[in-house]
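Here is a short report for a reader meeting this structure for the first time. Look at the fold below, then read on.

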Amino acid sequence: MHVVVAQTETPGEIIVELLPLEQQTRQEREERLIDQAQANKELIRNLAHEIKNPLGGIRGAAQLLELELDNRQLTEYTQVIIHEADRLQSLVDRLLAPHRRPHVVGDVNIHEVCERVRSLIVAEFPKGLRVVRDYDISIPEFRGDREQLIQAVLNIAHNAAHALTERIAAGDAQITLRTRVGRQLTFGKQRYRLALELHVIDNGPGVPDSIKDRIFFPLVSGRDGGSGLGLTLAQTFVQQHHGLIECESVPGQTDFKILIPLP
Ligand SMILES: Nc1ncnc2c1ncn2[C@@H]1O[C@H](COP(=O)(O)OP(=O)(O)OP(=O)(O)O)[C@@H](O)[C@H]1O
Ligand SMILES: [Mg+2]
């Protein structure tokens, strides 16, 4: 047995939990995730700024150099510099993105968020992929940033769709969007009476074992052409709602669970 002391939403009230050891490791893993995410965020922001400034100079110098070149063949090289500088610029812009736009708070209906994501995914993958809704429509609205949550769920659903490439070709790919109310859950070092559980479940091959522990870290990607930012951004956005994303994955069933406190 393991003892956890957590705050409740009522000031001055604490709750003492006795947990089996398996749950303790889950909780420790969560706390580690939150601390790591915070450290990551600062590192990324600083690094992105350091890259951004010289990058403009490099691109500008390559453009000036190009104007001076008489030899057409040599402009191939300056074009490489300009192209790569642009690529790095857009990566840096994505790294800085969550810090740019302010957190816009309004009433969020989670099923509107799910429906938006569903229609975007269906439009992008019209054949071979079924997107199943499994909603608990009794879930109340809560205060939050709708656009951020759409982006977070979309990033997760996109990953699922990418992981399903083979099944989409075979015609039996499936993504389920499931909403539930969780009761008396502890996450993010706090105990919540009610919390939204939004699952994005796919029947793909699962998260590769080699990166399973690190998928929420920036620049960790298991696929060609991936920049490894989708889940980092999703986790940042959900944490801004005092929530957390967890992942459980085995071949044939990958379940990303978004937890957000409900009023
Ligand atoms: N549903 C899933 N099934 C299998 N693997 C997954 C799934 N979701 C994520 N992954 C793995 O986690 C990695 C990290 O995902 P993340 O969204 O952070 O980056 P990315 O998809 O590679 O790039 P980006 O989203 O920035 O374009 C993915 O590359 C993939 O290997
Ligand atoms: Mg992704």
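## An enclosed helix

In this predicted model, helix H6 is largely enclosed by the rest of the structure, because 10 of its 10 residues are buried. The buried residues of H6 include Gly230, Leu231, Thr232 and Leu233. Ala234, Gln235, Thr236, Phe237, Val238 and Gln239 are also on that list.

## The chain as a whole

The protein chain has six helices and nine strands. It contains 263 residues, and 39% of them count as buried. Its C-alpha atoms fill a box of roughly 75 × 50 × 35 Å along the principal axes.

Take the contacts between residues at least 6 apart: 67% of them join residues at least 24 apart.

## Nonpolar cores

In soluble globular proteins, nonpolar side chains tend to be buried together. Here, the largest nonpolar core has 44 residues. Ile121, Leu129, Phe142, Ile156, Ile245, Phe256 and Ile258 have the most contacts inside it. At least two residues of this core come from each of helix H3 (110–124), strand E4 (129–134), helix H4 (146–163), strand E6 (173–187), E7, H6 and E9. Which element gives the most to this core? That is H4, with nine residues.

Leu129 touches Ile121, Ala161, Leu164, Ile168, Ala173, Gln174 and Ile175, setting aside residues up to four places away in sequence. Another core lies apart from the largest one. This other core has six residues, among them Ile44, Ala48, Val92 and Leu96.

## Aromatic pairs

The structure holds two aromatic pairs. One joins Phe187 and Tyr192: the ring centres are 4.9 Å apart and the planes stand at 35°, so the pair is tilted. Phe187 counts as buried, because its relative accessibility is 1%. Tyr192 has 9% relative accessibility, so Tyr192 counts as buried too.

Phe216 and Phe256 form an edge-to-face pair. Their centres are 6.4 Å apart, with 75° between the planes. This pair links distant parts of the chain, 40 residues apart. Phe216 sits in the loop between strand E7 (190–202) and helix H6 (230–239), while Phe256 belongs to strand E9 (residues 253–261). Both Phe216 and Phe256 are buried.

Asp202 is found in strand E7. Is Asp202 buried or exposed? Asp202 is buried, yet has no salt bridge. The nearest side chain of opposite charge is Arg167, 8.0 Å away. The Asp202 side chain does reach the backbone nitrogen of Gly204, at 2.8 Å. Beyond four places in sequence, Asp202 touches Ala160, Leu164, Gln174, Ile175, Gly252, Gln253 and Thr254.

Asn203 lies in the loop between E7 and H6. With 16% relative accessibility, Asn203 counts as buried. A polar atom of the Asn203 side chain lies 3.0 Å from the backbone oxygen of Asp172. Leaving aside neighbours within four places in sequence, Asn203 is in contact with Leu164, Arg167, Asp172, Ala173, Gln174 and Gly252.

## Glu17 and its partners

Glu17 is in strand E2 (residues 14–19). Its relative accessible area is 12%, so Glu17 is buried. Which residues does Glu17 contact, leaving aside its neighbours within four places in sequence? They are His2, Val3, Val4, Thr186 and Arg191.

The Glu17 side chain makes a polar contact of 3.0 Å with the side chain of Thr186. Another polar contact, of 2.6 Å, joins the side chains of Glu17 and Arg191. Gly225 is 208 residues from Glu17 along the chain, and 45 Å separates their C-alpha atoms.

## A glycine in helix H1

Gly56 is placed in helix H1 (residues 21–68). Gly56 is partly exposed, with a relative accessible area of 43%. Between Gly56 and Ile82 the sequence separation is 26 residues. In space, their C-alpha atoms are 9.9 Å apart.

Methods: Residues numbered from 1 in each chain as written. Chains lettered and ligands numbered in written order. Predicted model: local features only at pLDDT ≥ 70, side-chain atom pairs only at ≥ 80, totals over all residues. Heavy atoms only, no water. Phe/Tyr/Trp six-rings, centres within 6.5 Å; stacked < 30°, edge-to-face > 60°. Buried < 20%, exposed > 50% of the residue type's maximum accessible area, 1.4 Å probe, protein only. Helix = DSSP H or I, 4+ residues; strand = E, 2+ residues; numbered from the N terminus. Core = buried A, V, L, I, M, F, W, Y, C linked by side-chain atoms within 4.5 Å. Contact = heavy atoms within 4.5 Å. Lys, Arg positive; Asp, Glu negative; His and termini not counted. Salt bridge = Lys/Arg side-chain N within 4 Å of Asp/Glu carboxyl O. Polar contact = N/O pair within 3.5 Å; in protein donor to acceptor, adjacent residues only side chain to side chain.
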